[in-house]
Amino acid sequence: MTEWLNVILQGVLIGGLYAMFAAGLSLIFGVMRLVNIAHGDLIVLAAYVALMVTQTLGLDPLTSLLLVVPAMAIIGYALQRLLLNRTLGDDLLPPLLVTFGLSIIIQNGLLELFTADSRKLQAGAVETMTYQIGPGIWLGLLPLIQFVVAVAVIAALQVLFYRTSLGRAFRATSDDPSVAQLMGLDTRHVFAMAMALSLAVVAIAGVFLAVRSNFDPAIGPARLIFGFEAVIIGGLGSMWGTLAGGVILGVSQAIGAQIDPGWQLLAGHIVFLVILAVRPQGLFPKVSG
Amino acid sequence: MIAKTISRRTLVKTGIGAIAAPALFAMPTQAQTAVIKIGHVSPRTGPLAGFGEADSFILEQVRGILSKGLSNGGKSYKVEIISKDSQSSGSRAAEVASELILGDKVHLLVGSGTPDTTNPISDQAEVNEVPCITTNCPWQPYFFGRKGDPAKGFTWTYHFFWGLEDVIGSFLALWDSVPNNKVIGGLFPNDADGNAWGDPVRGVPPAYAKAGYKLVDPGRYQPMNNDFTSQISAFKAAGAEIVTGVMIPPDFATFWSQAAQQGFKPKIVTIGKALLFPSVIDSLGARGNGLSSEIWWSPNHPFKSGLTGQSCAALAESYSKAAGKPWTQPIGFQHALFEVAIDVLKRAKNPTDAKSILDAIVATNYESIVGKVQWTGQPVKNVTKTPLVGGQWQKKGDKFELVITENKTAPAIPVGGKLQPLG
């Protein structure tokens, strides 16, 4: 029994990571209907930015976030302003194809710069520190920090969306870009801010991923799918829904793995498909109207 | 003007250009130089790029040596190596192999780097009746992965590397050298390697059982796994003191952090594939110390190159100098692949004729930088084995060193230290 509790607990904690993968995706899809295929590769890019920062400045990976988050946000703003804004229009396909190309460019650019070596960020003792909170139930410090940060990120995004003028601009542009533009909003700037915010979250996700496990230029796409699934399970546009989606995905994978490791990813995919079939709008869709 | 046209034509890489251009050289001072083309496929980009990383270094070295041409039976030949990237994908490897065979009309195909490259290019070579030599993939996934029949074998394709039985032998020798409770936790992914190793009949389990070890195998997990909690609980419940498997580096790193977070402290961790590269061990920091792995090649192996005369240490050092990076195990095999190819072309009766090249491959008896290469029919017709030993990453000063700690399956290779149980 405690074995199951432990497995579910670890699943919940990983759900936080999935939610961070998903939050950035959900945000830009919500605001500008852009499906970012390069999202996974941007997570890896953030990990490499953090690697450079930690190596050159000798910073702890978690402290390096202070530099990596703004750096990625600037990259995001520029990316949207200079490239992606030009592809947006009535057709969903051009931005999709451009981000697909971007994914390939990022992977091969990183390969040229950093080689295929497998890297990891060193966070020192935090990585292995752990608390036994019951017989057979262990709570690692790093997964705990990761989950708390994920909840904080989601909460911050929720506040930003519904309590600030930038959030109002996001929502207005999401509802009707032409009308928003008529009301004096510069949608190009709003889109770029959304991408900047998305990549700021990506930066946090990338650093946690890089502390948890090894990364190399090619792993991005494999991480992307969990982000997509968490978005769909939780419902587009709802930040808390995204967190719930991540946790549901993490827990169903954990339960699947406990039955048989071969079921781990399958269990996650099945839950995703069932929710897509039964509730295509997701569990917590954005309030309409 | 005419001379200019000719020199441009000789550069044209199409078959017609290469054949026609030398024919235009009618001047008596020019010897008749025919061109031998070697096609080379390896993963340079994608998840397996680590296996192809040393290729540009090796190719530069080999092209330098071949710049004077290759002499065979008193005739001098120009050798052109056309190298293509498999992008770590089997279908891409097949595609570039067929381009090399049908478009570039290569006389000999060579390739390396896991079944994803060796198998599709060998299959293409077999179908198109082009001689092919491959390495850097355990022979079972190479031979049985291509649906090879041990009674018949293949006609055009030959391979040199070690096999699963060598891994089993060297892992068991590693574990026997330290007292432990003989309970093993197994981590086998759902990929070609994981399924081959974990196979209850043809894989590692029967051999471990025979040697008195108990294997706890929770089942195949999907590669790029994010959560090993269930495996760790199973190992803890069984009291496993040894962990083994064949993993990719990101999966091992995830497992190893989670093991610490879950309070699981095995005595010995011996993992195939994931722990080959110094960069991976460096990335694990202090937790990389004491992990053990199979060793196919190292600077301490007692072989030397028949092509450059370099010892293993000299080759590793010249790579480190050129690339500014530590040596890796594939370097030796990538070098050996061209050593063997050049040896074959030197001995072939007619090095531009497929059948002659094939006859020369079959007759190979060559001392390479990875050991002897000679296809004797053991373990199967198209495969010859190179030695495999086991060792441990030990921290020496501020660097990790891969120390050979057992040589039961290949006593010719000197041992450099003893296996230390994990702290």
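Biologist: Is the crossing in which H9(A) passes H10(A) left-handed or right-handed?

Modeller: This is a predicted model. Helix H9 of chain A spans residues 220-234, and helix H10 of chain A spans residues 239-259. As H9(A) passes H10(A), the crossing is right-handed.

Biologist: Is H9(A) roughly perpendicular or oblique to H10(A)?

Modeller: Their axes lie 7 Å apart, and the packing angle is about 120 degrees. Roughly perpendicular covers 65 to 115 degrees, and roughly antiparallel needs over 145. So H9(A) is oblique to H10(A).

Biologist: How many charged residues does the contact of H9(A) with H10(A) have?

Modeller: H9(A) brings A:Phe226, A:Glu229 and A:Ile233, among others. From H10(A) come residues including A:Gly241, A:Ala244 and A:Leu249. By class, this contact has seven nonpolar and five polar residues, and the charged count is one.

Biologist: Now the interface. Which helix gives the most to the side of chain B that touches chain A?

Modeller: In total, 35 residues of chain B are in contact with 39 residues of chain A. Helices H3 (49-52), H11 (229-238), H12 (249-261) and H13 (278-283) of chain B each supply at least two residues of that side. By class, the side has 12 nonpolar, 20 polar and three charged residues. With seven residues, the helix that gives the most is H12(B).

Biologist: What is the radius of gyration of chain B?

Modeller: Chain B has 16 helices and 16 strands. For its 423 residues the globule rule gives 22 Å, and chain B comes close to that, so it is as compact as a globular protein of that length. Its radius of gyration is 23 Å.

Biologist: What percentage of the residues in chain B is buried?

Modeller: Buried here means 20 or more other C-beta atoms within 10 Å. Of the 423 residues in chain B, the buried share is 57%.

Note on methods: Residues numbered from 1 in each chain as written. Chains lettered and ligands numbered in written order. Predicted model: local features only at pLDDT ≥ 70, side-chain atom pairs only at ≥ 80, totals over all residues. Contact = placed C-beta atoms within 7 Å. Helix = DSSP H or I, 4+ residues; strand = E, 2+ residues; numbered from the N terminus. Nonpolar A, V, L, I, M, F, W, Y, C, P; charged D, E, K, R; others polar. Axes fitted to C-alpha atoms, helices over the stretch in contact; angles between N-to-C directions. Parallel < 35°, antiparallel > 145°, perpendicular 65-115°, else oblique. Left-handed = near helix turned anticlockwise from the far one by under 90°. Rg over C-alpha atoms; globule rule 2.2 N^0.38 Å. Buried ≥ 20, exposed ≤ 12 C-beta atoms within 10 Å, placed from the backbone.
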